[in-house]
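Let's take a walk through this model together, stopping at a few helices along the way.

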Amino acid sequence: MSNEFADSGRMVAFIEEAETAIMLLDEGMRIVESWDGGFDRRVVALHLLAQGYERFLKLTLALAQLRQSGQLPSAREAQRWGHGLLKLLDMTLDEFEKDPSFVNRAAVRDDIACLRFEGRARQQLGVLDEFASGGRYHSLDVMLDGHSQTESPVDQWSALETSLFREDKEWTRLMEEDFAGFGPRWYPHLAAVQTQHLQRTARTLARAWTLGPARDEGKRLTGVVRRFLFLTDEDLVACPPR
């Protein structure tokens, strides 16, 4: 055991923070998976996912630094990391890529490539990034000042959904030919695709706890992160038939 966790109080806090991150992500993804077009459910999901990913990323980065330097960062240093999820993600991926035994695994390498470049998962984190960094107050700012310095995160998430729709012309055809039946077919498909990308992001981070830079201490919490750790591509939420 690392000297950093010789104090049982610090170990308990580590477990509690990890459990909180997983719980927030799990609940946020559950809402996305069951989303049926309602505005309020989308907002709740963004709150849960932004908090969950921030906690999970900071924990993973802290463990990676423990492996590199032999000690955890201080709370003050962690505060300087900020709330930007893309910044936290890239800092964490930088730590991952220092460990050849991790990045040389084909499945892990593919997941990292999706998160490092402009894939759907990174676009999702970009929306959550702005939400966590101040966009969550967009409506309040508009109410108070008549405008906001940030774009509406809900509108940004809606834009992701629209881009998914436009990628497949078959959905346009179905909407034009059977508008009444379109929604019951489109929304479950959309929810599944969005959830798949969210699951892959969480899986990549969970794998780092047992396979990558965080493994010395993180593997002791396999039971906590198993919700995402053991997901295979076949286990991801499946898209329903059209």
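What you're looking at is a predicted model, where local features need pLDDT of at least 70, side-chain atom pairs count only at pLDDT 80 or more, and totals for chains, interfaces and linings use all residues. Residues are numbered from 1 along each chain as its sequence is written, and side-chain values use heavy atoms, with hydrogens and water left out.

Start where α1 passes α13 in a left-handed crossing (the near helix is turned anticlockwise from the far one by less than a right angle). On the α1 side, the contact (heavy atoms within 4.5 Å) is made by A18, E19, I22, L25, D26 and M29, and these meet V224, V225, R227 and F228 of α13. Sort the residues of this α1 and α13 contact and you get seven nonpolar, no polar and three charged; here Ala, Val, Leu, Ile, Met, Phe, Trp, Tyr, Cys and Pro count as nonpolar, Asp, Glu, Lys and Arg as charged, and the others, Gly among them, as polar.

Next, hop over to helix α6, residues 106-116, where V108, D111, I112, L115 and R116 are buried (under 20% relative accessible area). They share the same side of α6, because they cover an arc of only 130° around the axis, taken from the directions from the helix axis to the C-beta atoms. Among the elements covering them are α4, α5, α7 and α11.

Leaving aside neighbours within four places in sequence, E130 is in contact with G135, R136 and Q156.

How values were computed:
Buried means under 20% relative accessible area, exposed over 50%, partly exposed in between (1.4 Å probe, protein chains only). Helices (H or I, at least four residues) and strands (E, at least two) are DSSP runs, numbered from the N terminus.
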